[in-house]
Amino acid sequence: MAKKILVLSGKGGVGKSTVTVCLAQAFAEMGKRVLCMDADVGFRSLDLIMRIGAEAVYNWADVISGNVALDEATVKKTEGLYLLCAPNSLSDGVNGEGIEELLKKADESFDYIFIDAPAGFGELHEALAKVSGLVLLVATPDAVCVRSADTAISKALRVNPKAETRMIINRFKKSEVLAGRQLKLDDVIDMTRTQLAGVIPENDSVRLIPGGAPIAPTAQKAFDRTARRLGGEYILFSKRYFS
Ligand SMILES: Nc1ncnc2c1ncn2[C@@H]1O[C@H](COP(=O)(O)OP(=O)(O)OP(=O)(O)O)[C@@H](O)[C@H]1O
Ligand SMILES: [Mg+2]
(Lines give C-alpha, C1' and ligand atoms only; values in the text may rest on other atoms or scores of the structure.)
(Ligands and ions follow the chains in the order given, each with its own letter.)
Protein backbone atom coordinates (compact mmCIF):
# COMPACT_ATOMS: atom_id res chain seq x y z
CA MET A 1 0.00 0.00 0.00
CA ALA A 2 1.30 3.46 -0.93
CA LYS A 3 2.15 6.01 1.74
CA LYS A 4 0.16 9.13 0.89
CA ILE A 5 1.91 12.38 1.73
CA LEU A 6 -0.06 15.62 1.57
CA VAL A 7 2.29 18.56 1.06
CA LEU A 8 0.70 21.59 2.69
CA SER A 9 1.73 25.12 3.66
CA GLY A 10 -1.08 27.58 4.24
CA LYS A 11 0.69 30.51 2.59
CA GLY A 12 1.55 30.24 -1.12
CA GLY A 13 4.90 30.31 -2.85
CA VAL A 14 6.91 28.71 -0.05
CA GLY A 15 8.22 25.82 -2.17
CA LYS A 16 5.62 23.02 -1.87
CA SER A 17 5.81 22.01 -5.52
CA THR A 18 9.58 22.27 -5.68
CA VAL A 19 10.02 20.23 -2.51
CA THR A 20 7.46 17.66 -3.74
CA VAL A 21 9.42 17.03 -6.94
CA CYS A 22 12.85 16.96 -5.30
CA LEU A 23 11.73 14.57 -2.56
CA ALA A 24 9.87 12.34 -5.01
CA GLN A 25 13.01 12.20 -7.15
CA ALA A 26 15.11 11.30 -4.09
CA PHE A 27 12.73 8.43 -3.25
CA ALA A 28 12.77 7.21 -6.86
CA GLU A 29 16.57 7.17 -6.75
CA MET A 30 16.29 5.02 -3.61
CA GLY A 31 14.47 2.47 -5.78
CA LYS A 32 10.89 3.39 -4.79
CA ARG A 33 7.97 3.85 -7.13
CA VAL A 34 6.66 7.36 -6.62
CA LEU A 35 3.65 9.24 -7.95
CA CYS A 36 3.47 13.03 -7.83
CA MET A 37 -0.16 14.12 -7.90
CA ASP A 38 -0.56 17.79 -8.73
CA ALA A 39 -3.58 18.96 -6.72
CA ASP A 40 -3.27 22.63 -7.62
CA VAL A 41 -6.46 22.74 -9.68
CA GLY A 42 -6.28 25.46 -12.34
CA PHE A 43 -2.68 26.37 -11.47
CA ARG A 44 -0.73 23.18 -12.12
CA SER A 45 3.04 23.41 -12.03
CA LEU A 46 4.52 19.95 -11.53
CA ASP A 47 4.61 19.24 -15.28
CA LEU A 48 6.83 22.30 -15.73
CA ILE A 49 9.00 21.63 -12.69
CA MET A 50 9.45 18.00 -13.75
CA ARG A 51 10.11 19.15 -17.30
CA ILE A 52 7.35 17.03 -18.74
CA GLY A 53 5.94 18.47 -21.92
CA ALA A 54 3.31 17.34 -24.37
CA GLU A 55 3.00 13.85 -22.79
CA ALA A 56 0.97 15.45 -19.98
CA VAL A 57 -2.38 15.03 -21.75
CA TYR A 58 -4.76 13.77 -19.08
CA ASN A 59 -5.33 14.64 -15.45
CA TRP A 60 -6.75 12.99 -12.34
CA ALA A 61 -10.25 14.41 -12.91
CA ASP A 62 -10.28 12.47 -16.22
CA VAL A 63 -9.55 9.29 -14.24
CA ILE A 64 -12.23 10.00 -11.62
CA SER A 65 -14.78 10.74 -14.36
CA GLY A 66 -13.92 7.42 -16.01
CA ASN A 67 -12.62 9.00 -19.22
CA VAL A 68 -9.21 7.33 -18.98
CA ALA A 69 -7.49 4.64 -16.93
CA LEU A 70 -5.05 5.68 -14.22
CA ASP A 71 -2.02 4.23 -16.01
CA GLU A 72 -2.98 6.14 -19.15
CA ALA A 73 -3.13 9.42 -17.26
CA THR A 74 0.15 9.02 -15.37
CA VAL A 75 3.29 10.15 -17.16
CA LYS A 76 6.63 8.48 -16.49
CA LYS A 77 9.48 10.93 -15.95
CA THR A 78 12.34 8.60 -15.03
CA GLU A 79 12.66 5.11 -13.51
CA GLY A 80 10.18 5.00 -10.62
CA LEU A 81 9.01 8.62 -10.94
CA TYR A 82 5.53 9.44 -12.29
CA LEU A 83 3.28 12.49 -12.63
CA LEU A 84 -0.48 12.85 -12.48
CA CYS A 85 -1.52 16.33 -13.62
CA ALA A 86 -4.12 18.60 -12.04
CA PRO A 87 -7.27 19.48 -13.99
CA ASN A 88 -8.06 23.08 -14.95
CA SER A 89 -11.29 22.98 -12.96
CA LEU A 90 -13.38 20.53 -10.97
CA SER A 91 -16.61 19.30 -12.53
CA ASP A 92 -19.55 18.26 -10.35
CA GLY A 93 -18.81 14.54 -10.41
CA VAL A 94 -15.32 15.02 -8.98
CA ASN A 95 -15.56 14.93 -5.20
CA GLY A 96 -13.89 13.52 -2.09
CA GLU A 97 -15.22 10.00 -2.76
CA GLY A 98 -13.79 10.14 -6.27
CA ILE A 99 -10.40 11.18 -4.91
CA GLU A 100 -10.47 8.35 -2.38
CA GLU A 101 -11.28 5.84 -5.15
CA LEU A 102 -8.52 7.26 -7.34
CA LEU A 103 -5.92 6.89 -4.61
CA LYS A 104 -7.09 3.36 -3.87
CA LYS A 105 -6.43 2.51 -7.52
CA ALA A 106 -2.94 4.00 -7.23
CA ASP A 107 -2.23 2.10 -4.00
CA GLU A 108 -1.02 -1.08 -5.67
CA SER A 109 1.24 0.61 -8.20
CA PHE A 110 3.26 2.96 -5.97
CA ASP A 111 5.25 3.03 -2.73
CA TYR A 112 4.75 6.76 -2.20
CA ILE A 113 2.16 9.21 -3.46
CA PHE A 114 3.04 12.88 -3.00
CA ILE A 115 0.02 15.17 -3.21
CA ASP A 116 1.06 18.73 -3.98
CA ALA A 117 -1.70 20.87 -2.48
CA PRO A 118 -2.53 24.43 -3.48
CA ALA A 119 -2.05 27.25 -0.95
CA GLY A 120 -4.81 27.84 1.60
CA PHE A 121 -7.16 25.26 3.07
CA GLY A 122 -10.59 24.50 1.62
CA GLU A 123 -12.85 21.60 0.65
CA LEU A 124 -10.27 20.01 -1.63
CA HIS A 125 -7.66 20.09 1.13
CA GLU A 126 -10.16 18.48 3.50
CA ALA A 127 -10.79 15.66 1.03
CA LEU A 128 -7.06 15.16 0.50
CA ALA A 129 -6.24 15.31 4.22
CA LYS A 130 -8.83 12.59 4.91
CA VAL A 131 -7.02 10.11 2.67
CA SER A 132 -3.44 11.04 3.56
CA GLY A 133 -1.29 9.17 6.05
CA LEU A 134 1.23 11.97 6.47
CA VAL A 135 0.74 15.71 6.33
CA LEU A 136 4.03 17.30 5.35
CA LEU A 137 4.20 21.00 6.13
CA VAL A 138 6.50 23.17 4.08
CA ALA A 139 7.35 26.48 5.72
CA THR A 140 9.86 29.23 5.17
CA PRO A 141 11.33 30.58 8.39
CA ASP A 142 9.27 33.77 8.67
CA ALA A 143 6.43 34.61 11.05
CA VAL A 144 3.70 35.02 8.42
CA CYS A 145 4.44 31.70 6.78
CA VAL A 146 4.83 29.83 10.06
CA ARG A 147 1.50 31.10 11.42
CA SER A 148 -0.29 30.04 8.22
CA ALA A 149 1.43 26.65 8.36
CA ASP A 150 0.22 26.18 11.92
CA THR A 151 -3.34 27.06 10.87
CA ALA A 152 -3.19 24.66 7.89
CA ILE A 153 -1.93 21.72 9.92
CA SER A 154 -4.54 22.30 12.63
CA LYS A 155 -7.27 22.21 9.98
CA ALA A 156 -5.83 19.05 8.42
CA LEU A 157 -5.69 17.32 11.80
CA ARG A 158 -9.29 18.31 12.49
CA VAL A 159 -10.43 16.21 9.50
CA ASN A 160 -7.83 13.46 10.02
CA PRO A 161 -6.63 13.31 13.64
CA LYS A 162 -4.74 10.09 12.92
CA ALA A 163 -2.45 11.60 10.27
CA GLU A 164 1.25 11.74 11.03
CA THR A 165 2.74 15.23 10.74
CA ARG A 166 6.22 16.42 9.78
CA MET A 167 7.67 19.73 8.67
CA ILE A 168 10.26 20.86 6.17
CA ILE A 169 11.81 24.27 6.64
CA ASN A 170 12.64 25.60 3.19
CA ARG A 171 14.88 28.43 2.00
CA PHE A 172 16.95 28.39 5.19
CA LYS A 173 19.85 30.84 5.18
CA LYS A 174 22.08 30.97 8.23
CA SER A 175 23.23 34.53 7.54
CA GLU A 176 19.57 35.66 7.52
CA VAL A 177 18.96 33.96 10.87
CA LEU A 178 22.05 35.62 12.35
CA ALA A 179 20.88 38.97 10.99
CA GLY A 180 17.47 38.43 12.62
CA ARG A 181 15.66 38.33 9.26
CA GLN A 182 14.74 34.63 9.47
CA LEU A 183 13.30 32.88 12.52
CA LYS A 184 15.46 30.46 14.47
CA LEU A 185 14.56 26.87 13.60
CA ASP A 186 13.81 26.05 17.25
CA ASP A 187 11.22 28.84 17.25
CA VAL A 188 9.60 27.51 14.05
CA ILE A 189 9.34 24.06 15.62
CA ASP A 190 7.85 25.51 18.83
CA MET A 191 5.32 27.59 16.88
CA THR A 192 4.05 24.68 14.77
CA ARG A 193 4.58 21.90 17.35
CA THR A 194 5.55 19.71 14.41
CA GLN A 195 8.51 17.36 14.18
CA LEU A 196 11.19 18.43 11.76
CA ALA A 197 11.87 16.19 8.76
CA GLY A 198 14.31 18.38 6.89
CA VAL A 199 15.93 21.75 6.33
CA ILE A 200 16.43 22.84 2.73
CA PRO A 201 18.83 25.71 2.09
CA GLU A 202 18.09 28.76 0.01
CA ASN A 203 19.86 27.89 -3.21
CA ASP A 204 19.41 29.16 -6.76
CA SER A 205 19.98 25.70 -8.20
CA VAL A 206 16.75 24.53 -6.54
CA ARG A 207 14.80 26.62 -9.04
CA LEU A 208 13.91 23.81 -11.41
CA ILE A 209 13.42 25.84 -14.54
CA PRO A 210 13.01 23.89 -17.78
CA GLY A 211 16.43 23.13 -19.19
CA GLY A 212 18.16 24.38 -16.04
CA ALA A 213 21.27 22.99 -14.39
CA PRO A 214 21.11 20.15 -11.84
CA ILE A 215 20.65 20.88 -8.14
CA ALA A 216 23.81 21.83 -6.22
CA PRO A 217 25.28 19.03 -4.05
CA THR A 218 24.49 20.77 -0.71
CA ALA A 219 20.81 21.16 -1.62
CA GLN A 220 20.66 17.63 -3.08
CA LYS A 221 22.10 16.26 0.15
CA ALA A 222 19.41 18.09 2.12
CA PHE A 223 16.66 16.50 -0.01
CA ASP A 224 18.25 13.04 0.22
CA ARG A 225 18.53 13.24 4.01
CA THR A 226 14.95 14.47 4.29
CA ALA A 227 13.68 11.60 2.14
CA ARG A 228 15.60 9.09 4.26
CA ARG A 229 14.13 10.54 7.46
CA LEU A 230 10.64 10.33 5.95
CA GLY A 231 11.44 6.74 5.02
CA GLY A 232 12.05 5.98 8.70
CA GLU A 233 15.84 6.40 9.06
CA TYR A 234 17.25 8.25 12.03
CA ILE A 235 19.54 10.99 10.75
CA LEU A 236 20.86 13.76 12.98
CA PHE A 237 20.49 17.38 11.95
CA SER A 238 23.61 19.46 11.47
CA LYS A 239 24.38 21.59 14.55
CA ARG A 240 24.88 24.64 12.36
CA TYR A 241 21.14 24.87 11.79
CA PHE A 242 20.52 25.44 15.47
CA SER A 243 23.61 27.23 16.88
N1 LIG B 1 15.18 26.21 -1.48
C2 LIG B 1 14.93 27.10 -2.45
N3 LIG B 1 15.90 27.96 -2.87
C4 LIG B 1 15.65 28.86 -3.85
N5 LIG B 1 14.47 28.99 -4.47
C6 LIG B 1 13.47 28.18 -4.09
C7 LIG B 1 13.64 27.19 -3.07
N8 LIG B 1 12.46 26.52 -2.93
C9 LIG B 1 11.61 27.07 -3.80
N10 LIG B 1 12.19 28.05 -4.51
C11 LIG B 1 11.57 28.91 -5.55
O12 LIG B 1 10.43 29.54 -4.96
C13 LIG B 1 9.40 29.73 -5.93
C14 LIG B 1 8.10 29.13 -5.41
O15 LIG B 1 8.26 27.70 -5.33
P16 LIG B 1 7.04 26.71 -5.55
O17 LIG B 1 6.31 27.02 -6.81
O18 LIG B 1 7.58 25.35 -5.37
O19 LIG B 1 6.13 27.14 -4.31
P20 LIG B 1 4.66 26.62 -3.95
O21 LIG B 1 4.54 26.64 -2.48
O22 LIG B 1 4.38 25.35 -4.64
O23 LIG B 1 3.78 27.78 -4.59
P24 LIG B 1 2.16 27.77 -4.75
O25 LIG B 1 1.60 28.01 -3.37
O26 LIG B 1 1.91 28.91 -5.68
O27 LIG B 1 1.79 26.44 -5.31
C28 LIG B 1 9.91 29.07 -7.20
O29 LIG B 1 10.45 30.07 -8.02
C30 LIG B 1 10.99 28.12 -6.71
O31 LIG B 1 11.97 27.85 -7.70
MG1 LIG C 1 2.81 24.83 -5.95
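Since the model is predicted, local features need pLDDT of at least 70 and side-chain atom pairs count only at pLDDT 80 or more, while totals for chains, interfaces and linings use all residues. Residues are numbered from 1 along each chain as its sequence is written, chains are lettered from A and ligands numbered from 1 in the order in which they are written, and side-chain values use heavy atoms, with hydrogens and water left out.

Let's start with the sheet. Helices (H or I, at least four residues) and strands (E, at least two) are DSSP runs, numbered from the N terminus. Eight strands form an open sheet with mixed pairing, in the order β3-β4-β2-β5-β1-β6-β7-β8; two strands pair if DSSP finds at least two bridges between them. At the edges sit β3 (75–78) and β8, each pairing on one side only.

Now, which strands pair with β2? Strand β2 (residues 34–38) runs parallel to β4 (residues 81–84) over four bridges, and parallel to β5 (residues 112–116) over five bridges. V34 has L81 as its bridge partner in β4 and stands opposite Y112 in β5. Five of the five residues of β2 are buried, meaning under 20% relative accessible area with a 1.4 Å probe, protein chains only. V34, C36 and D38 cover one side, L35 and M37 the other.

Over at the other end, β7 and β8 run parallel, joined by five bridges, with P201 in β8 as the bridge partner of F172. Helix α9 packs on the sheet there, touching β6, β7 and β8 (contact means heavy atoms within 4.5 Å), and its direction makes about 145° with that of β7. In α9 (residues 185–192), L185, V188 and T192 are buried. They lie on the same side of α9, because they cover an arc of only 55° around the axis; the arc is that of the directions from the helix axis to the C-beta atoms.

Last, a helix pair. The axes of α1 (residues 16–29) and α10 (residues 217–230) come within 9 Å and cross at roughly 70°. Axes are lines fitted to C-alpha atoms, for helices over the stretch in contact, and angles run from 0 to 180 degrees between N-to-C directions. So α1 is roughly perpendicular to α10, a label for 65 to 115 degrees. On α1, V19, C22, L23, A26 and F27 meet F223, D224, T226, A227 and L230 of α10.

Key
Angles under 35 degrees count as roughly parallel, over 145 as roughly antiparallel, 65 to 115 as roughly perpendicular and the rest as oblique. Buried means under 20% relative accessible area, exposed over 50%, partly exposed in between (1.4 Å probe, protein chains only).
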